[in-house]
Amino acid sequence: MQRLIAFIEYNFHIILFVILQTICGFLVFSLNPYQQAIFSKASLGVTSTINKLSSDVYSYLNLKSQNTLLQNQISQQFKESFPQSLHYLNDTFSIVDTSMHHLFDAIPAHVVFNTAHKANNVFIINKGLDHGIKKNMGVISSQGIAGVVLSSNQNYSAVMSLLNTNMKITPHINGQEYFTEMIWDNSKFNCLTINGVNKLEQINLGDVVSTGNSSLLFPKGIPIGNISKINNTPKNQYFELELKTATNFRDLEYVFVIINNEYLGLNDLLLND
Amino acid sequence: MINQIIYWVLVIGFQVLVLNHLDLSSYIYPQVFVTLLLTLPLHLKKTYQLLIGFGLGLVMDLFICSPGIHMSACLWFIVIRMLILNRQDLKEHANNKLEYSIRTAGFSPFIYTTLILIIFYHFYILWIEGIGNINIEYITKTGLSSSLLSLTIIGVFQALKLNKYP
């Protein structure tokens with residue numbers, strides 16, 4: 001305490017100078033109209049910068065809830081895409097067939113674990129049996145197809161990613177279904193291969209590949225990707241097509257599990273045939 | 001002491017009544033009253049010097065209606081004066097309680113100190129008055145011409161003092 005007092009005593013003139021200059025600054029910038037205006041302008045600039053900074057920090061911290069909101073907005077977009085056949089519930093949206101019977105439901109889910117660098121990639125979502133999710137249900141992201149449910153426990157489900165060598169989907173290109181397999185050969189990230197499309201077909205770069213009628217797991221018209229490369233080998237009568245997936249599997253966070261309410265019945269019918 | 005007070009009143013009166021209404025040119029804005037701070041007695045404590053500077057600035061601001069501007073400039077003037085005088089050998093004069101002048105400091109140190117302080121004061125006033133919209137050309141012309149006139153008048157004051165107390 002004595003050292004503090006001695007310090008203040010020794011530097012009293014400096015402290016006094018700072019105090020008096022502060023008073024002067026206050027008088028200059030509060031009582032002189034011109035200087036006041038300049039100060040207001042400068043302080044406004046500083047305040048707006050600080051406000052922007054705090055707003056950015058708040059936005060960053062609020063990203064999770066914003067993502068949930070976005071997921072709901074995506075559901076709305078699905079609704080606009082299929083105005084005649086979709087029905088929305090609080091936590092799910094439904095695709096209704098023409099007789100107003102709910103054929104598909106979609107449950108929003110969050111990806112809690114994801115791999116994209118292996119030959120057989122799998123991701124895990126935070127919805128399971130308790131939410132009505134079972135094996136062999138389709139999973140889509142906001143961009144397109146993401147995978148198929150492999151197994152579920154009460155709260156989580158493992159989903160076979162589209163980037164899995166065991167994944168096989170029938171492509172639908174330019175309004176036509178091609179009964180050939182679309183596979184991932186583990187050669188390029190986010191790229192699938194389609195063989196068996198005849199060269200007589202009109203296929204162009206950028207054509208959208210989507211789901212068709214031949215799958216019980218997905219509604220028709222869900223994007224799978226775009227044609228990114230057409231290999232035209234002279235000796236082969238079929239194109240070798242490369243497809244860039246619509247879903248970016250490295251950034252996969254929010255998905256929807258598609259529930260086909262008539263899967264068992266339809267599957268029985270198909271098996272009986 | 002009474003002579004000193006009369007001298008202060010006369011200098012302040014000369015500044016307020018004559019120099020502040022001088023209409024020689026828009027570039028001439030002399031601040032001669034700072035000679036009172038320049039020639040403060042050498043034995044005065046730093047705290048008192050600051051308070052005197054603050055008080056004189058307050059008086060000038062009251063007359064000119066520029067709250068805070070001269071007060072701030074006078075405080076800086078005193079601080080810079082302290083820094084310069086610390087580098088000059090004036091202990092003997094301080095012990096004799098003499099004021100800072102040509103006689104005590106010598107011609108060259110006094111001119112050097114006065115030049116720095118007067119130019120600083122004028123430029124500081126012009127800067128703070130035009131803050132946010134500085135016109136370099138105007139400030140340079142006004143600062144230099146006003147400083148020149150102020151230095152001339154302060155030189156006359158010093159010459160008169162030298163003649164009075166040879």
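Modeller: Two strands are said to pair if DSSP finds at least two bridges between them. Strands (E, at least two residues) and helices (H or I, at least four) are DSSP runs, numbered from the N terminus. The model is a predicted one, in which local features need pLDDT of at least 70, side-chain atom pairs count only at pLDDT 80 or more, and totals for chains, interfaces and linings use all residues. Residues are numbered from 1 along each chain as its sequence is written, while chains are lettered from A and ligands numbered from 1 in the order in which they are written.

The sheet in chain A is open and has seven strands in the order E9-E8-E12-E13-E14-E11-E10, with antiparallel pairing. Its edges are strand E9 (176-177) and strand E10 (182-183) of chain A, each of which pairs on one side only.

Within this order, strand E8 (residues 172-173) of chain A is joined to strand E12 (residues 208-210) of chain A by two bridges in the antiparallel sense. There, His172(A) lies opposite Ser210(A) of E12(A). Ser210(A) also has a bridge partner in E13(A), namely Pro223(A). The pairing of E12(A) with strand E13 (residues 223-231) of chain A is antiparallel and comprises three bridges.

E13(A) in turn runs antiparallel to strand E14 (residues 238-245) of chain A, and six bridges join the two. One facing pair here is Asn226(A) and Lys244(A), the latter in E14(A).

As for the setting, chain A contains five helices and 15 strands. Of its 273 residues, 27% are buried, a residue being buried if 20 or more other C-beta atoms, placed from the backbone, lie within 10 Å of its own, exposed if 12 or fewer, and partly exposed in between. Two residues are in contact if their C-beta atoms, placed from the backbone, lie within 7 Å. Among the contacts in chain A with a separation of 6 or more, 53% are between residues 24 or more positions apart.

Chain A also touches chain B, in a contact that takes 14 residues from chain A and 15 residues from chain B. On the side of chain A, the elements that give two or more residues are helix H2 (12-31) and helix H3 (33-61). H2(A) supplies the largest share, eleven residues.
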